[in-house]
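Please read the numbered points beside the sequence and the model.

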Amino acid sequence: MNFPPDSDAGARAAIERIDALATPHDPVHEGVRVRWRRFGKADTALPPIVLLHGGHGSWMHWLRNVEALAAERTLWLPDMPGFGDSGTPPRPGAGDAAVGPLLKALGGTLDMLIGAGTPIDLGGFSFGGLVAAKFAVGRGAVRRLALMGSGGHGTLRRMTVEMINWRAAATRAEERAALQHNLGALMLHDKGFDPLAFEIHDISCHGTRFRSKEVSLAGGLQAALDVIAAPQLLVWGEYDVTAEPRSLVPQLTSGHPGRAGAVIDGAGHWVQYERADEVNALLLRFLA
């Protein structure tokens with residue numbers, strides 16, 4: 001884990017503590033290396049849980065969920081190809097076509113680790129929610145699917161604050177200010193400075209080489225969900241600016257008896273971080 005020189009000591013310690021619980025794996029599929037972290041017991045009778053992070057993210061998008069879930073199950077958390085500690089896939093085309101090489105590398109390396117066709121429970125956040133749905137369609141063998149603030153829903157976003165291009169900052173102070181602004185504008189409802197959330201966001205943004213926004217905006221979530229036979233849980237935070245959850249959840253779940261939805265009060269887009277205890281309990285019930 002590479003921390004910036006000005007990292008917060010407490011946040012750094014919290015990340016290092018969770019990272020130390022992981023067993024890292026670096027399988028390579030068709031020239032693309034993917035860093036997977038395994039948490040929890042390897043001999044559980046239930047299928048492993050695979051959790052995919054969001055855009056401008058990393059495995060740390062699930063940092064506050066690892067311990068609760070790994071106490072019950074085996075977790076596999078990747079840095080998806082083009083993010084964090086993983087290699088970068090080729091990128092033919094744009095929009096939906098751009099995610100194809102990512103899915104191939106993700107699926108190929110996971111099969112190396114757990115075996116092709118091994119059942120999994122699958123979760124995804126934001127851009128990773130759309131990736132998870134497409135991954136489930138292509139791979140199969142998904143017992144249950146849980147998505148947090150998923151991208152690709154194709155309905156209106158309700159962002160009112162413009163994002164700042166942090167890469168154009170002239171100084172580190174300006175860069176930090178831009179990253180903090182974006183964290184509040186997009187990810188969190190609570191706008192107070194959170195050193196751990198900022199550290200995760202800072203490190204993850206600097207490790208991102210994959211342009212995910214155009215993939216998420218291209219849609220495709222509903223079409224993928226309609227193909228997946230597994231039970232589905234769709235969760236958004238009450239104040240998620242990437243959607244209008246109170247109307248979107250009924251829209252996606254109505255007429256689908258195998259599909260459940262939830263809106264978590266008081267949470268923004270990064271719902272599993274901001275309301276970790278509530279989401280952990282919800283996931284453990286759904287994935288039991």
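1. In the protein chain, 72% of the contacts with a separation of 6 or more are between residues 24 or more positions apart. A contact here means heavy atoms within 4.5 Å.

2. Basis of the note. This is a predicted model, in which local features need pLDDT of at least 70 and side-chain atom pairs count only at pLDDT 80 or more, while totals for chains, interfaces and linings use all residues. Residues are numbered from 1 along each chain as its sequence is written, and side-chain values use heavy atoms, with hydrogens and water left out.

3. Overall form. The protein chain contains 11 helices and 10 strands, these being DSSP runs numbered from the N terminus (helices: H or I, at least four residues; strands: E, at least two). Its radius of gyration is 18 Å, close to the 19 Å that the globule rule gives for 288 residues, so the chain is as compact as a globular protein of that length. The radius is taken over C-alpha atoms, and the rule is 2.2 Å times the number of residues to the power 0.38. Along the principal axes, the C-alpha atoms fill a box of roughly 50 × 40 × 40 Å.

4. Burial. Of the 288 residues in the protein chain, 55% are buried. Buried means under 20% relative accessible area, exposed over 50%, and partly exposed in between (1.4 Å probe, protein chains only).

5. Packing of α1 and α6. Helix α1 (residues 9–19) packs against helix α6 (residues 195–206) at an angle of about 70 degrees, and their axes are 8 Å apart. That angle makes α1 roughly perpendicular to α6, a term covering 65 to 115 degrees. Axes are lines fitted to C-alpha atoms, for helices over the stretch in contact, with angles from 0 to 180 degrees between N-to-C directions.

6. Residues at that contact. From α1 the contact involves A11, A14 and I15; from α6 it involves P195, L196, E199, I200 and I203. By class, seven of the residues are nonpolar, none is polar and one is charged.

7. Positive phi at two positions. E30 is not a glycine, yet has a positive phi of about 50 degrees. E30 lies in the loop between β2 (28–29) and β3 (32–33) and is exposed, with a relative accessible area of 59%. A141, also a residue other than glycine, has a positive phi near 55 degrees. A141 lies in the loop between α4 (127–139) and β8 (142–148) and is partly exposed, at 31% relative accessible area.

Terms used
Angles under 35 degrees count as roughly parallel, over 145 as roughly antiparallel, 65 to 115 as roughly perpendicular and the rest as oblique. Ala, Val, Leu, Ile, Met, Phe, Trp, Tyr, Cys and Pro count as nonpolar, Asp, Glu, Lys and Arg as charged, and the others, Gly among them, as polar.
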